[in-house]
Amino acid sequence: MALFDRLKDQAKQLQQQAQGGGRGAAGGQGGHGGHGGAPAGGSHGSSRGGSKAQLVGLLKTQLGSLKTELKSGAYRDASMAMCALVAAADGHVDAAERQQMESMILSNDVLQNFPPDQLRQRFNRHVDQLSRNFPQGKTEAMQEIAKAAKKPTEARAVVQTGIVIAGADGHFSQAEAAILREACGALGLNPAEFQL
């Protein structure tokens with residue numbers, strides 16, 4: 001799949017830059033991973049049509065390379081709304097699932113830009129709203145997510161964060177994939193960009 005190959009190319013370029021290889025990324029955009037990122041060399045041949053686990057790994061690498069840029073309140077709030085929606089995608093969140101999701105959030109490298117209490121409070125507020133009234137909670141969470149649309153780098157990072165959290169176990173449920181596609185719509189992004 002061309003998208004998977006493009007993500008692999010971008011991840012390799014970001015890794016080379018991070019290791020001091022310094023060979024410029026396609027378009028010279030300094031790791032903003034957005035618009036002019038046409039694949040420079042086509043396919044690398046190996047693992048075509050890669051698995052969700054590989055995609056999650058690539059997105060983690062890309063997010064890690066943007067860590068210094070992802071410090072805004074809009075990214076923090078949208079990411080916590082995204083994580084809550086992923087957790088509640090099947091319509092409910094039990095205590096164990098909430099605890100597991102909270103642990104994943106607090107151990108996420110990029111989200112460590114923010115104080116744990118801020119993340120926990122925002123995540124739990126959304127989960128509580130989704131548990132009380134799923135349709136209303138979902139609307140409020142999507143509104144929070146949509147606020148990140150102003151900055152394309154942050155918008156993509158919100159979806160990438162949702163995919164990384166949803167795919168931590170190596171697969172996505174249909175409900176999680178549907179929530180991630182809706183989030184793409186709220187952010188003005190094409191779900192196909194993320195293999196959704």
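**Labels and their grounds**

Tutor: One face of helix α8, turned away from the buried side, carries the exposed residues Gln 174 and Gly 185. This is a predicted model.

Student: How do you know that the buried residues of α8 line one face of the helix?

Tutor: The buried residues are Glu 176, Ala 177, Ile 179, Leu 180, Ala 183, Cys 184 and Leu 187. Seen down the axis of α8, they fall within an arc of 160°, so they line one face. In an α-helix there are 3.6 residues a turn, so residues three or four places apart point the same way.

Student: What covers the buried residues of α8?

Tutor: The cover includes α3 (73-87), α6 (134-146) and α7 (152-166).

Student: What span does α8 have, and what span is expected?

Tutor: Helix α8 covers residues 174-187, which is 14 residues, and reaches 20 Å from its first C-alpha to its last. At 1.5 Å a residue the expected value is 20 Å, and the span is close to that. Just after α8, Gly 188 takes a positive phi of about 70°.

Student: Why is Asp 77 called buried?

Tutor: Buried means under 20% relative accessible area. Asp 77 has 16%, so the residue is buried. Its place is in helix α3.

Student: What makes the link between the side chains of Asp 77 and Arg 122 a polar contact?

Tutor: The limit for such a pair of N or O atoms is within 3.5 Å. The two side chains make their polar contact at 2.7 Å, so the distance meets that limit. Leaving aside neighbours within four places in sequence, Asp 77 is in contact with Arg 122 and Glu 144.

Student: Why is Gln 112 called partly exposed?

Tutor: Its relative accessible area is 46%. Buried is under 20% and exposed is over 50%, so a value in between is partly exposed. Gln 112 lies in the loop between α4 and α5. Apart from neighbours within four places in sequence, Gln 112 is in contact with Leu 106 and Ser 107.

Student: Which residues touch the most other members of the largest nonpolar core?

Tutor: Tyr 75, Phe 123, Ile 145 and Ile 163 do, in a core of 49 residues. The elements giving two or more residues to this core are α2 (52-65), α3, α4 (95-107), α5 (116-132), α6, α7 and α8. Helix α3 gives the most, with 10 residues. Not counting residues up to four places away in sequence, Phe 123 touches residues including Met 80, Cys 83, Arg 98 and Met 101.

Student: Where is confidence lowest, and where is it highest?

Tutor: Helix α1 (residues 2-18) is lowest, at a mean pLDDT of 47, and α6 is highest, at 95. Over residues 13-49 the pLDDT is below 50, and beyond near neighbours in sequence this stretch has 48 contacts in the model. Where pLDDT is low, the predicted coordinates should not be read in detail. For the protein, the mean is 76, and 71% of its residues reach 70 or more.

Student: How many helices and strands does the protein have?

Tutor: There are eight helices and zero strands. Buried residues make up 46% of the 196 residues.

Conventions:
Residues numbered from 1 in each chain as written. Predicted model: local features only at pLDDT ≥ 70, side-chain atom pairs only at ≥ 80, totals over all residues. Heavy atoms only, no water. Helix = DSSP H or I, 4+ residues; strand = E, 2+ residues; numbered from the N terminus. Expected span 1.5 Å × (residues − 1). Buried < 20%, exposed > 50% of the residue type's maximum accessible area, 1.4 Å probe, protein only. Arc of directions from axis to C-beta. Contact = heavy atoms within 4.5 Å. Core = buried A, V, L, I, M, F, W, Y, C linked by side-chain atoms within 4.5 Å. Polar contact = N/O pair within 3.5 Å; in protein donor to acceptor, adjacent residues only side chain to side chain. pLDDT = per-residue confidence, 0-100.
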